[in-house]
Amino acid sequence: MKFAYKFSNLLGAVYRHGNLSFSKDGNSVISPVGNRISVFDLKNNKSETLPVSTNKNITCVGLSPDGNLAILVDEDGAAILVSLVTRAVLYHHHFHKPVNSVSFSPDGRKFVVTKENVALMYNAPGKNREFNAFALDKSYYGPYDETTCIDWTTDSKCFAVGSKDMTTWIFGAERWANLIYYSVGGHKDVIVGCFFEKDSLDLYTVSQDGALCVWESSTELDKLRKGPKYSERKKMAEERKRREEEEAEEGEIEELGDDGERRGEVIKGSADAPEEVEGIRNVRYKQKSKHFFNKEGDFNNLTAAAFHKNTYILVTGFASGAFHLHELPDFDLIHSLSISDQRISAISINPTGDWIGFGCSGRGQLLVWEWQSESYVFKQQGHFNNMASLAYSPDGQYLATGGDDGKVKVWNTNSGLCFVTFTEHTSSVTNVTFTTSGFVVVSASLDGTVRAYDLHRYRNFRTLTSPRLAQFSSLAVDVSGELVCAGAQDSFEIFLWSMQTGRLLEVLSGHEGPVSCLCFSPVQSVLASVSWDKTVRLWDMQDSWQTREVLRLTSDGLVVTYRPDGQELAVATLDGEITFWNPQTAAQTGSIVGRHDLQMGRKETEKITAKQSAKGKAFTSLCYSADGESMLAGGQSKFVCIYNIKEQILMKKFEISCNLSLDAMEEFLDRRKMTEFGSLALVDEGAGDGDGVELSLPGVRRGDMSSRHFKPEIRVSSLRFSPTGRSWAAASTEGLLIYSLDASLIFDPYDLDMDITPVSIRCQLKKKEWTSAIVLAFRLNETSLIREVLEAVPHDQVAVVSSSLPDVYVEKLLDFVASSLENSRHLQFYLTWAQNLLTLHGQKLKNRSGAILPTIQQLLKSIQRHHDDLSKLCDWNIYTIRYIKALSKQRGIKRIAADSLNEQEEEEEEEGGSVLMGSEDEEEDMMSEALIVN
């Protein structure tokens with residue numbers, strides 16, 4: 001089995017913190033998710049998480065005007081320059097202080113970064129041939145407090161910077177004689193947004209208390225005049241006024257930084273206006289009008305704002321979850337709507353001005369609203385608390401997740417989006433699973449219920465309960481989908497229900513501790529249960545539900561799972577061991593000591609070392625690979641381990657996160673954070689706004705349910721291999737991580753010889769030796785060459801070539817056809833190959849059914865996906881043809897006026913008598929899977 005798994009996508013988290021950005025064409029929205037960024041394609045309804053990451057959570061994203069580059073800055077001010085074309089990191093830079101905002105100029109030649117009370121203007125990378133991608137051009141000082149926002153004029157001549165000191169500063173990006181710096185006030189609270197009008201120096205400023213000021217400039221943009229460097233003007237003024245003592249306060253000095261790097265031109269603004277150059281009047285502003293968003297008596301903090309220059313539309317978001325649309329400069333209210341009960345953290349408008357993106361960090365919610373039609377284009381929300389469990393559907397097309405927020409979500413693995421959310425549970429969901437049909441999801445919860453959901457009608461069709469209240473911590477469904485079992489963590493019993501009738505069939509007693517995990521055998525009607533009482537019990541479902549075997553463990557049992565062929569049982573225990581058992585003979589066949597492979601990190605509030613705390617840690621999730629040869633194991637650590645079961649050795653370790661914003665990431669604590677009074681992490685530094693407190697409540701293990709901010713601990717709560725064997729998923733603190741095999745990076749020749757080259761293979765194609773060419777291509781094993789050879793075979797020769805293939809290459813070809821069919825447009829061609837291979841070699845393949853099962857499931861998944869896409873398209877075409885046909889029949893028919901009036905009256909009566917059925921409590925992130933935006 002190959003272990004070249006690469007990170008491919010992040011599901012379950014759509015927005016965390018930071019600013020939203022739209023792509024150049026306006027069809028994609030770029031959202032920061034922890035220390036990664038996700039790109040949501042709104043037109044094709046797909047999501048992709050880039051394989052780049054920062055060391056801490058991303059706070060701001062700057063997107064270049066051409067959409068090719070992005071600057072990602074994390075909490076500490078460490079920035080990376082990313083190419084959105086190649087998905088690669090191009091450059092690393094550290095600003096040494098937290099950065100508040102990043103913005104490229106509209107012409108793409110400069111970008112401005114604001115940190116503390118300074119704005120730094122850099123030459124944009126790629127425009128100048130320099131080794132240093134971040135070349136500092138000018139430094140602008142002026143605000144007395146932290147800067148909050150940036151906006152550029154449309155011609156990139158000037159930019160404005162808002163500040164927490166309630167002022168907005170306008171700076172010239174070039175050497176303008178009549179505009180070096182200018183400060184406007186007029187507000188009583190923090191500036192949230194400042195926006196220039198299109199092709200104008202007129203300015204709008206918005207503050208946190210809900211006030212909007214309209215500023216009118218005395219000069220047009222084209223009236224800006226080039227002038228001498230500010231340093232030269234200053235020297236001239238000094239000579240006239242002989243004020244040498246104010247040189248350091250009002251001047252501009254060319255100097256080197258601490259690291260010897262040229263700091264560029266430093267412009268320091270002051271309360272006094274700069275001296276005017278002879279014959280040129282300085283730019284001046286006057287307040288034209290002032291408007292207020294809150295009605296009299298209301299107090300609602302304004303948290304985010306965005307302005308579209310072409311349409312003059314201002315969008316403002318508030319702490320209550322409401323947003324307003326106004327048309328400027330008249331301040332006419334166009335629209336007002338509440339989209340959440342949490343504060344709106346970020347707002348962005350796409351280039352055409354049709355779609356508005358909203359981010360709510362409190363709920364992890366991302367919404368795209370089309371304001372003209374007043375409808376949602378995109379509506380997604382992750383689990384706003386920990387993700388507790390996950391399960392793949394039998395064909396690998398869907399993923400179900402359960403969270404501590406009581407929700408069950410179903411995700412499409414192809415699009416990476418959630419298409420249905422079930423909210424019937426009233427407490428944490430502890431386990432989810434699919435039935436073998438793939439259309440029923442079953443979930444267990446601490447609220448004492450087990451619920452079954454129908455994926456055809458999206459409803460909870462069965463609710464299973466126990467005679468007395470019990471908290472269910474484990475769940476299993478048998479192969480037939482008829483028997484449902486759930487284990488209780490407080491009564492030590494296992495409850496058995498019938499899915500068909502919903503009746504409780506039996507209560508299985510025998511365990512003397514909480515039941516931690518259940519698993520049905522995939523080939524027999526046998527249930528395996530593991531408990532904290534150091535035993536694994538095998539229950540015979542056909543013989544009066546009696547205990548068949550009791551397996552004694554060395555420590556408390558945490559998780560149990562069957563191998564896909566049902567011939568082996570794996571158990572993880574509290575002492576960090578994984579033991580393997582033969583369920584027929586009840587004999588132990590092997591064990592793996594994996595405690596040291598977990599490599600625990602040290603939490604900031606712990607007083608013992610990571611090495612000592614690791615002694616109490618163990619694997620909490622196990623999963624066999626599709627071929628049964630490997631074992632995936634994870635626990636309360638940032639590492640996921642893959643073991644070879646036969647050799648009982650560690651094959652590979654995956655580090656699922658490098659995000660230092662999570663707790664327990666580092667093995668050793670930073671000595672700079674240690675004081676004589678203990679760790680600085682133990683100091684409660686809250687300022688009263690809920691953003692500074694990083695202490696969770698005592699005893700809390702799964703997040704802090706209080707309103708305070710806390711530092712979540714890294715953990716892997718659930719692991720699952722895809723039935724196709726080409727990917728696996730991990731439910732972690734960061735979200736649902738998908739790792740896939742990247743075939744393009746693997747060179748794995750088979751029976752290679754000196755004579756096997758691309759040239760010799762193409763020679764065989766020219767001779768029309770199809771079978772020989774296919775065999776040679778598979779021996780060289782280059783994907784592009786195999787595809788070229790296969791697609792060169794004539795359609796009428798497929799059956800002949802399939803029958804003449806050696807047996808060893810039949811499986812390889814079938815595997816290649818299954819993987820190619822998923823993305824290929826040659827549906828009939830590849831389906832013909834699959835049909836002939838299965839028909840002509842079916843009996844031989846059946847004898848090796850266990851080995852080729854992942855390939856068959858991959859083939860089934862690809863066929864099902866194309867069937868769904870084509871059936872929707874065909875249905876749409878049928879309806880369109882019927883509509884056109886109905887229109888053609890009505891053409892030329894003259895209707896009598898009296899008849900049309902009577903029909904109109906009848907329709908109005910029918911509408912009046914009908915009742916419009918609608919759901920008042922529609923789930924926030926429910927969306928149609930077939931959403932297509934034209």
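Predicted model: local features only at pLDDT ≥ 70, side-chain atom pairs only at ≥ 80, totals over all residues.

**Stop 1: a loop residue**

Select Ala 13, which sits in the loop between β1 (5–11) and β2 (21–22). Is Ala 13 buried or exposed? Its relative accessibility is 6%, and the cut-off for buried is under 20%, so Ala 13 counts as buried. Now show what Ala 13 touches: leaving aside residues up to four places away in sequence, you'll find Val 33 and Glu 734. Gly 735 is 722 residues apart from Ala 13 along the chain, yet their C-alpha atoms are separated by 5.6 Å.

**Stop 2: a sheet**

Next, pick out the open sheet of 4 strands, with the order β27-β28-β29-β30 and antiparallel pairing. Which strands are at the edges? They're β27 (346–349) and β30 (375–381), each pairing on one side only. Going from one strand to the next, the twist averages 15°. Zoom in on β29 (residues 365–370), which is joined to β30 by 6 bridges.

**Stop 3: two helices**

Finally, select helix α5 (residues 758–766) and helix α7 (residues 783–792), whose axes come within 11 Å and cross at roughly 5°. Angles under 35 degrees count as roughly parallel, so α5 and α7 are roughly parallel to each other. Show side chains for the contact: α5 brings Pro 758, Ile 761, Arg 762 and Leu 765, while α7 brings Leu 785, Glu 788, Val 789 and Ala 792. Colour them by type and you get 6 nonpolar, no polar and 2 charged residues.

Definitions and conventions
Residues numbered from 1 in each chain as written. Heavy atoms only, no water. Axes fitted to C-alpha atoms, helices over the stretch in contact; angles between N-to-C directions. Parallel < 35°, antiparallel > 145°, perpendicular 65-115°, else oblique. Contact = heavy atoms within 4.5 Å. Nonpolar A, V, L, I, M, F, W, Y, C, P; charged D, E, K, R; others polar. Pairing = 2+ DSSP bridges. Buried < 20%, exposed > 50% of the residue type's maximum accessible area, 1.4 Å probe, protein only.
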